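Work through the exercises below with the model open. Try each task before reading its solution.

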Amino acid sequence: MRIHEPNRTGMIQAYNKTGTAPVKKNGKLAMGKDEVKISTEAMEMLKQVEDPNAPARREKVEQLRKKVEEGTYHVPSEKIADKFLSFWKKL
């Protein structure tokens with residue numbers, strides 16, 4: 001078994017060079033900045049959303065809550081089926 005091959009030192013030096021991070025002139029490491037990009041689809045969805053604290057929305061939520069508590073809230077099965085179909089067609 002040969003331990004001291006002639007090319008082995010070159011490989012060690014190559015690994016040592018790639019492990020260093022770029023340093024600026026002032027001695028600090030160069031770091032990237034974090035960015036957040038919001039897609040146009042997400043911006044459109046944001047525009048369509050109502051303000052959750054709007055008085056009309058609060059009133060509607062209260063009416064629905066009362067119906068659910070009283071047991072009188074009913075959703076037609078056709079509406080549920082239509083929503084499922086439209087969801088699965090988009091995929």
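The exercises cover an aromatic pair, a helix and a surface patch in this predicted model.

**Exercise 1.** Classify the geometry of the ring pair F87 and W88.

*Solution.* Start with the count: the structure holds one aromatic pair. Its partners are F87 and W88, with ring centres 5.3 Å apart. Pairing requires centres within 6.5 Å. Next, take the planes, which stand at 75 degrees. Angles over 60 count as edge-to-face. The F87 and W88 pair is therefore edge-to-face.

**Exercise 2.** Compare the span of helix α3 with the expected value, then decide whether α3 is largely in the open or covered.

*Solution.* Helix α3 runs over residues 55-70 and has 16 residues. From first C-alpha to last, α3 reaches 23 Å, close to the expected 22 Å. Now check burial: the number of buried residues in α3 is zero, so α3 lies largely in the open. Just after α3, G71 takes a positive phi of about 85 degrees.

**Exercise 3.** Which element gives the most to the nonpolar surface patch?

*Solution.* List members of the patch: they include L64, V68, F84, F87 and W88. Together, the patch residues have about 940 Å² of accessible area. α4 gives the most, with four. W88 lies in helix α4.

Note on methods
Residues numbered from 1 in each chain as written. Predicted model: local features only at pLDDT ≥ 70, side-chain atom pairs only at ≥ 80, totals over all residues. Heavy atoms only, no water. Phe/Tyr/Trp six-rings, centres within 6.5 Å; stacked < 30°, edge-to-face > 60°. Helix = DSSP H or I, 4+ residues; strand = E, 2+ residues; numbered from the N terminus. Expected span 1.5 Å × (residues − 1). Buried < 20%, exposed > 50% of the residue type's maximum accessible area, 1.4 Å probe, protein only. Patch = residues over 30% accessible without salt bridge, like charges linked within 9 Å, V, L, I, M, F, W, Y side chains within 5 Å. Areas by Shrake-Rupley, 256 points an atom, 1.4 Å probe, with all protein chains shown as cover. Salt bridge = Lys/Arg side-chain N within 4 Å of Asp/Glu carboxyl O.
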